[in-house]
Amino acid sequence: MNWNLDFLTIDVGTILFTLINTLLIFLAFKFILFKRVDAILAQRQQEVSTTYSKADDALAAANSDKEKYAEALAGAKDEAAEIITRAEKKARLEGDLIISEAKTVAADVREKAAAATEREKVQARAELQGEISDLAVELAQKIMEKEIDKADHARLIEDFLQEISAEGDKA
């Protein structure tokens with residue numbers, strides 16, 4: 001087998017020409033394309049850094065707000081407890097005042113009722129004494145009108161006592 005290897009020759013001129021072309025293409029890409037790519041990468045890096053910075057600031061603000069809200073909530077709980085305590089104390093005082101006033105009113109009503117009862121007793125006694133006096137006068141008139149014997153006298157006294165007890169039962 002006979003192989004012809006003429007096409008495998010090394011030509012220094014072609015190698016230099018290829019290297020110069022590659023170098024020129026590389027420089028053209030570097031100045032034209034890589035500057036834009038580097039600018040885009042730098043811009044993206046800046047945007048990412050800004051986003052992270054804003055996120056960190058937002059997180060710090062959120063933590064600060066969280067602490068403020070926690071303090072406000074604790075203050076609100078304390079204030080609510082204080083308001084409840086004051087309301088309970090006020091309710092107790094008002095309840096005591098109402099009870100005291102009710103006791104005073106009840107005592108006044110009892111005194112007035114006792115006084116009214118006493119007046120009614122006195123009035124009833126006076127009426128009863130008046131009726132007894134009237135009956136005694138009637139009895140005396142009956143005795144004076146006729147002469148009575150011992151049996152009539154006992155019957156009149158018995159009638160008189162029955163009338164007195166009947167009048168006493170009515171009062």
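Helices (H or I, at least four residues) and strands (E, at least two) are DSSP runs, numbered from the N terminus. This is a predicted model, where local features need pLDDT of at least 70 and side-chain atom pairs count only at pLDDT 80 or more, while totals for chains, interfaces and linings use all residues. Residues are numbered from 1 along each chain as its sequence is written, and side-chain values use heavy atoms, with hydrogens and water left out.

Of its 171 residues, 2% count as buried (under 20% relative accessible area; exposed is over 50%, partly exposed in between, with a 1.4 Å probe and protein chains only).

Next, select helix H1, residues 12-145. Zoom in on Arg44 and Glu47, whose side chains form a salt bridge at 3.2 Å, N to O (a side-chain nitrogen of Lys or Arg within 4 Å of a carboxyl oxygen of Asp or Glu). About one helical turn separates the two, as they sit three residues apart in H1. Arg44 is exposed at 52%; Glu47 is partly exposed at 35%.

Move along to Glu82 and Arg86, also in H1 and four residues apart. Their salt bridge spans 2.9 Å, N to O.

Now hop to helix H2, residues 150-170, for Arg155 and Asp159. Here the closest N and O atoms of the salt bridge are 3.5 Å apart.

Last stop: select Glu127, Glu131, Asp134, Glu138 and Glu163, which make a negative surface patch (residues with over 30% relative accessible area and no salt bridge, like charges joined within 9 Å; Asp and Glu count as negative). Helix H1 supplies the largest share, four residues.

Note on methods: Patch = residues over 30% accessible without salt bridge, like charges linked within 9 Å, V, L, I, M, F, W, Y side chains within 5 Å. Areas by Shrake-Rupley, 256 points an atom, 1.4 Å probe, with all protein chains shown as cover. Charge placed at Lys NZ, Arg CZ, Asp CG, Glu CD.
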